[in-house]
Amino acid sequence: MIVAQRKPLDEIIAKAEPFKKVVIAGCETCVAECHAGGKKEVEILAAQLRIAFNRKMVPVEISECSIERQCEPEMIESCAEQIAAEEAVLSLACGVGVQQMAERFPNLPVFPGLNTTFMGTHSAPAKWEERCAGCGNCVLDLTAGICPIARCSKSLLNGPCGGAHDGKCEVSEEIPCAWAEIVERLTKQGKLGQLRQIIPAKEWDTARDGGPRKLIHGEAAP
Amino acid sequence: MKSGSRLEQLLSRGEFVVTAEMGPPMSADAGAIMKKTDFLRGTADAFNITDNQTAVVRMSSLAASVLCLQAGLEPVMQMVCRDRNRIAMQSDILGAVALGIRNCLCLSGDHQSFGRAGKLLGHPGAKNVYDLDSINQVRMLRQLRDEHKFMGGDPVKGEVPLFIGAAWTPLGDPVEFRVIRLGKKIAAGADFIQTQGIYDVERFAEIMQKARAEGLPEKAAILAGIIIPRSAGMLKYMNNHVPGVVVPEKLIRRMSEAKDQKAEGIAIAVELIRDIRKIEGIRGVHVQPVEWESAMPAISEQAGLLPRPEAAG
Ligand code: SF4
Ligand code: SF4
């Protein structure tokens, strides 16, 4: 899923302050899962903003809505009428949802309330970790199901750099070395020899480096 | 000859070679390079010029290598994958060769958030590149030289004479993979290998045995890394914080008991060179003075490495 984190309250207050009517639009999918932008977080943020504006005696009216998947245009329609009556939208979706909202309401200022961070998973209670960088040409079959692009700090393809230490990355004690994990898993499977083969340099044109990407589904396209 | 470099000539003649490391200044001061070359002249056969090591901005390795050449010393230009994509790397290589550089050492490079050194600020917020890993970097340079082709397939006119090096951390984690990784670097085209600093000669000898079992020392010249220790504190620090550097406890004790730690450091480096030299398959040493270039003459002298042999020129 897409992992995101709420922006600091002060930053959000500063963005909402110039308006009289602001709607906070949540998203019930990924960002709800990581407790950043679901219905509950919309409620909490709305309450925080009301209190803050009350204290500052700035008359900003806050309303709330929550969309099943803000990144899907049809789903935004469920709240379209309410949103159209507002002066600004504070979106608690990931960056895709925020942009979808901006596209749907070209005349409304739309602000991100979250920082979209990565594609990852819930690895432990209250902990999320990056798992995929969307490189567009997956090599997980070669690397024991552990992504060297997203999980190695240097995106190395042919084994650990000289900085690996006790299974940790040279970048920080908090980061497991992806290559230490790959080597460990393949050793357990008795397949370490598989890594003798040189994995050729990645052609990054399938990744972001090729420019914004587009996908047209051959069979499903009209 | 692949490059005709002095390093290559001496190795192919079977000489026990010496390389020494030299860090460019954090300034545009050519004089700083000249000062170091004065200390280093005659102490080794070729001199590694580091490439923004620990991700701190320094004079470019290419420029400092040219200054080194002008001072009459042969450089080994280091090139890290952190800061350049394949286009910039190949372009820099063409320029380097045109300016007379013949040796290049391929490295991943320390990550820009490298915080362990701790003394300098660096640029932890920089966008890194890592377009290639060091193994594909070696392969790219070999293709330029031997197949006269850029990585993308376009032809390269004329020769790109280069002696291609790679680094090896034999005692780094996960240690079971290190010989495999060395084999990959050599298969990719590395002509010579310089290792991370070795203090635990016994363990290194064991790993070298594994490397020999794979036939690796015959395919590339392995130069063992020697980091000149200055103090017991430095040894402790390296043992705890520098990945792949393992310092035996008795060496740390010996250093802390020494009256003159600097003199002891030189003595230790000299002994390491003598012991490591006996390991089958070691073709030379790569000495890292770490900002203590003035120690090099004493080390080369006491280790019986002087005078350095002449190359054809
Ligand atoms: S290899 Fe690419 S697609 Fe596969 S997990 Fe890694 S980043 Fe994602
Ligand atoms: S220590 Fe491991 S994860 Fe970190 S950069 Fe090196 S190989 Fe990648």
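Hi everyone, let's start with a sheet in chain A: three of its strands form an open sheet in the order β1-β6-β7, and the pairing is antiparallel. The edges are β1 (2-6) and β7 (127-132) of chain A, each of which pairs on one side only. If you ignore direction, neighbouring strands of this sheet are turned by 70° against each other on average. Before I go on, please keep in mind that this is a predicted model.

Staying with that sheet, strand β6 of chain A covers residues 114-124, and β6(A) pairs with β7(A) in the antiparallel sense over five bridges. If you want to find that pairing on screen, look for A:H122, which stands opposite A:W128 in β7(A). As a quick reminder, strands of a sheet pair through backbone hydrogen bonds, either parallel or antiparallel.

Now let me zoom out to chain A as a whole. Chain A has eight helices and nine strands. How does its radius of gyration sit beside that of a compact globule of 222 residues? The globule would be near 17 Å, but chain A has 22 Å. Along its principal axes, the C-alpha trace of chain A spans about 65 × 50 × 25 Å. Of the 222 residues in chain A, 44% are buried. Take the contacts in chain A between residues at least 6 apart in sequence: 57% of them join residues at least 24 apart. The accessible surface of chain A comes to about 11,900 Å², and carbon and sulfur atoms account for 54% of that.

Next, please turn to helix α8 of chain A, residues 178-188. Its buried residues are A:A178, A:W179, A:A180, A:I182, A:V183 and A:L186. What do these buried residues of α8(A) pack against? Within chain A they pack against α7 and β9 (172-176), and from chain B they meet α6 (175-188). Just after α8(A), you will see A:G190 with a positive phi of about 70°.

Is A:H165 buried or exposed? A:H165 counts as buried because its relative accessible area is 17%, and the cut-off for buried is under 20%. Leaving aside neighbours within four places in sequence, A:H165 is in contact with B:D173, B:N240 and B:P243.

The bond from B:D173 to B:P174 is cis, with omega near -15°. B:P174 is found in the chain B loop between β5 (163-168) and α6. Another cis peptide bond joins B:L306 and B:P307, with omega about -10°. B:P307 has its place in the segment after α12 (296-302) of chain B.

While we are on backbone geometry, most residues other than glycine have a negative phi, and most peptide bonds are trans. So where are the positive values in residues other than glycine? In chain A, A:S155 has a phi near 50°, and A:S155 has its place in the loop between α7 and β8. In chain B, B:T54 has a positive phi of about 50° although it is not a glycine. B:T54 is found in the loop between β2 and α3 (61-70) of chain B. At 23% relative accessibility, B:T54 counts as partly exposed.

In β8(B), B:G284 is the bridge partner of B:V17.

Definitions and conventions
Residues are numbered from 1 along each chain as its sequence is written. Chains are lettered from A and ligands numbered from 1 in the order in which they are written. This is a predicted model: local features need pLDDT of at least 70, side-chain atom pairs count only at pLDDT 80 or more; totals for chains, interfaces and linings use all residues. Side-chain values use heavy atoms; hydrogens and water are left out. Buried means under 20% relative accessible area, exposed over 50%, partly exposed in between (1.4 Å probe, protein chains only). Contact means heavy atoms within 4.5 Å. Two strands pair if DSSP finds at least two bridges between them. Helices (H or I, at least four residues) and strands (E, at least two) are DSSP runs, numbered from the N terminus. Axes are lines fitted to C-alpha atoms, for helices over the stretch in contact, and angles run from 0 to 180 degrees between N-to-C directions. The radius of gyration is taken over C-alpha atoms; the globule rule is 2.2 Å times the number of residues to the power 0.38. Accessible areas come from the Shrake-Rupley method with a 1.4 Å probe; for residues, only the protein chains shown count as cover.
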